[in-house]
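Hi,

Here is the structure I promised to pass on. Have a look, and my notes follow below.

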Amino acid sequence: MEEASSLISFLSDKSVVSLFALDTPEECAEILLDPLGETKEQLIACASKLSVLRKRDEELLNALALNLNLGGVIFLSPTFAQLKRKNVIEIRLLGEVGEVFCKKCGHSFPIVPFEEVCPYCGLPLLPKIQPLPGDMGKRVERAVRTAMSSDALLVLGNPEKLLPGALIPWVSKLFGGVELAVVSRDDVAIKSIADLVINKDPLEIFGSIEEKRS
Ligand SMILES: [Zn+2]
């Protein structure tokens, strides 16, 4: 695919940090807006969806790490995906994911294999995607510093509604002089200041890169 090649060649000689802002699953939308007002059914639906999408998101992240000089990933939208590579910083602005927990007894469990209820209490397990207000300031500061220390910031998806991380591309580009590449089919405002824009779904772009290699 032409867009994939132009993206890779644009980023080829640069250190890259990626801003992960893929579409939020419909099942998780309510929870993100109001983490404490959710119903059990919504929580289970959200966690199930995230566990299904985990593989897809990990494939995308691995394609990034294989093809780019990737120094970090800043997660703005919820995912259970983990990259876990040496030298790649992973920052999650939504809080801890990769685990589910029981509100009653406090036990945490890994996402895989996915359990719906706490084996101790029988209550539905909750995905750990709630914001962590206590250390949010520090997380955002670390994310901004990480983005600004790279040559290029690669925005995947639509970060605009995902506050406070939505500000990172603006700050990095306008104050840090970081080059900005945006892959999104949405009409996002940061496209107006981007050095490279690809009007496609990131999964489409990086899916095609993997296909080419295999
Ligand atoms: Zn429990």
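With which residue does Glu 204 form a salt bridge? The partner is Lys 200, with the closest N and O atoms 4.0 Å apart. (A salt bridge here is a side-chain nitrogen of Lys or Arg within 4 Å of a carboxyl oxygen of Asp or Glu.) Glu 3 joins Lys 200 and Glu 204 in a network of salt bridges.

Before you read on: this is a predicted model, where local features need pLDDT of at least 70, side-chain atom pairs count only at pLDDT 80 or more, and totals for chains, interfaces and linings use all residues. Residues are numbered from 1 along each chain as its sequence is written, and side-chain values use heavy atoms, leaving out hydrogens and water.

The whole structure has 11 salt bridges. One of them pairs Asp 23 with Arg 185 at 2.3 Å, N to O. That pair links distant parts of the chain, 162 residues apart.

Now the zinc ion: Cys 102, Cys 105, Cys 118 and Cys 121 coordinate the zinc ion through SG at 2.3 Å. (Donors are N, O and S atoms within 2.8 Å of the metal, or 3.2 Å for Na, K and Ca; water is not among the atoms, so sites may look incomplete.) In sequence, the donor residues are spaced C-x2-C-x12-C-x2-C. The four donor atoms subtend angles of 103 to 117°, so the arrangement is tetrahedral (for four donors, all angles between 85 and 135 degrees).

Cys 102 is buried at 0% relative accessible area, while Cys 105 is partly exposed at 31%. (Buried is under 20%, exposed over 50%, partly exposed in between, with a 1.4 Å probe and protein chains only.)

Cheers

Conventions: Four donors count as tetrahedral if all angles lie between 85 and 135 degrees; four count as square planar and six as octahedral if opposite donors are over 155 degrees apart and all others between 65 and 115; anything else is irregular. Helices (H or I, at least four residues) and strands (E, at least two) are DSSP runs, numbered from the N terminus.
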